Amino acid sequence: MAPRHLQHPGVRTGAPFESHMAAGIRLEFEMAPGSSLIDGLAFHLEERGIAAAAIQLEGGAFEPLRYLMPALSSDGVHAAWYSELHAPHGEAALEKGCVTYGTRDGAPFCHCHAVWQEGEERRAGHIVPDATIISRPVRVTAYATADISLLSEPDEETGFTLFHPLLLRRSQKAAARFIFARVKPNEDIIETLEAVCRIHGIASATIRGSVGSLIGARYEGGARVADVATEVFIDEGVVTADGSGSHVAITMVDTRGGITSGRLMRGDNPVCITFEICLEVDQASRK
């Protein structure tokens, strides 16, 4: 099977991924109605000094909801792009989603992919965080750190503005250790996460609240998504340094609005634009 590959406008510099490991904490809270998605998250995270977080969302609702879909590029430059803004009427009941939380231009910023009920239809896509308002309480589980920042800034290779992890200070001993990573385009997501484990000297890690895009999908069992641009979040997963027992289960929406879920096939799922990952180091890997 020929590998799937996208040509991006810029030149790759550095390794296939960026990653840093630091101490962190798990936080659980509920976002109250009335604020935007980004303001609701920042209200709880800024006061704790959190600079980076991988977040899982569940339940609640948004009104209004503003979102984008993955789309093919029409500018002859970018490898993929976004659809026009979708602005449905009425309340959208959130099923689940994931968020990467960091900063852009010195202010809190986040990247959110989610699934929700829009009238009688189940939809998924990229939520616009400052224009989407919480209308019913949303439950949040955050894997967070003050020792790493996630900075959203222009990326030379893709021509997009993307999150990059930056180490602020060396990790201290803590109940939890997290690796925040960004996987670059055209790299297989599972094999690259295994390489992240190896470079940090850990045997295994659990994937927490991670957001990104793939060039279509190849699922275990033979199901396929034949597309270029997608929006993805990871439902659950484990990766190991030696590849034994690695598995990654995702939810994906493609350019036609089709929603699929399942375990990815190892070695045949390259990243489209970027994939933001949080790994929680398993107890047996800690020194």
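**Cavities and cores: a short tour**

Hi everyone, let's start inside: the largest cavity has a volume of about 80 Å³. Keep in mind that this is a predicted model. A search of the whole structure turns up two cavities of 30 Å³ or more.

So who surrounds that largest one? Its lining has 15 residues, and Thr-100, Leu-150, Phe-180, Glu-276 and Ile-277 lie nearest the centre. Strands β2, β13, β14, β15 and β21 each give two or more residues to this lining. By class, you'll find nine nonpolar, three polar and three charged residues there.

The second largest cavity holds about 50 Å³ of space. Its lining includes His-113, Ala-114, Glu-231 and Phe-233, and the elements giving two or more residues are β8, β9, β18 and β19.

Gly-97 sits in strand β7. Is Gly-97 buried or exposed? It counts as buried, because its relative accessibility is 2%, and the cut-off is under 20%. Gly-97 and His-113 are 16 residues apart in sequence, yet their C-alpha atoms are 5.7 Å apart in space.

Finally, the packing. The largest nonpolar core has 36 residues, and Met-31, Leu-41, Leu-45, Ile-55 and Leu-57 touch the most other members. Helix α1 supplies at least two residues of this core, as do several strands, including β1, β2 and β7. Take Leu-41: beyond its sequence neighbours within four places, its contacts include Phe-29, Val-99, Cys-110 and Val-140. There is also a second, separate core of 31 residues, with Ile-189, Ile-202, Ile-207 and Val-271 among them.

Methods: Residues are numbered from 1 along each chain as its sequence is written. This is a predicted model: local features need pLDDT of at least 70, side-chain atom pairs count only at pLDDT 80 or more; totals for chains, interfaces and linings use all residues. Side-chain values use heavy atoms; hydrogens and water are left out. A nonpolar core is a set of buried Ala, Val, Leu, Ile, Met, Phe, Trp, Tyr and Cys residues joined through side-chain atoms within 4.5 Å. Buried means under 20% relative accessible area, exposed over 50%, partly exposed in between (1.4 Å probe, protein chains only). Helices (H or I, at least four residues) and strands (E, at least two) are DSSP runs, numbered from the N terminus. Contact means heavy atoms within 4.5 Å. On a 1 Å grid over the protein atoms alone, a cavity is a set of points where a 1.4 Å probe fits but cannot get out, and a pocket is an open set with protein on both sides within 12 Å along at least five of seven lines; lining residues have an atom within 4 Å of a point. Grid points are joined across faces, edges and corners, and a volume is the space filled by probe spheres set on the points. Ala, Val, Leu, Ile, Met, Phe, Trp, Tyr, Cys and Pro count as nonpolar, Asp, Glu, Lys and Arg as charged, and the others, Gly among them, as polar.
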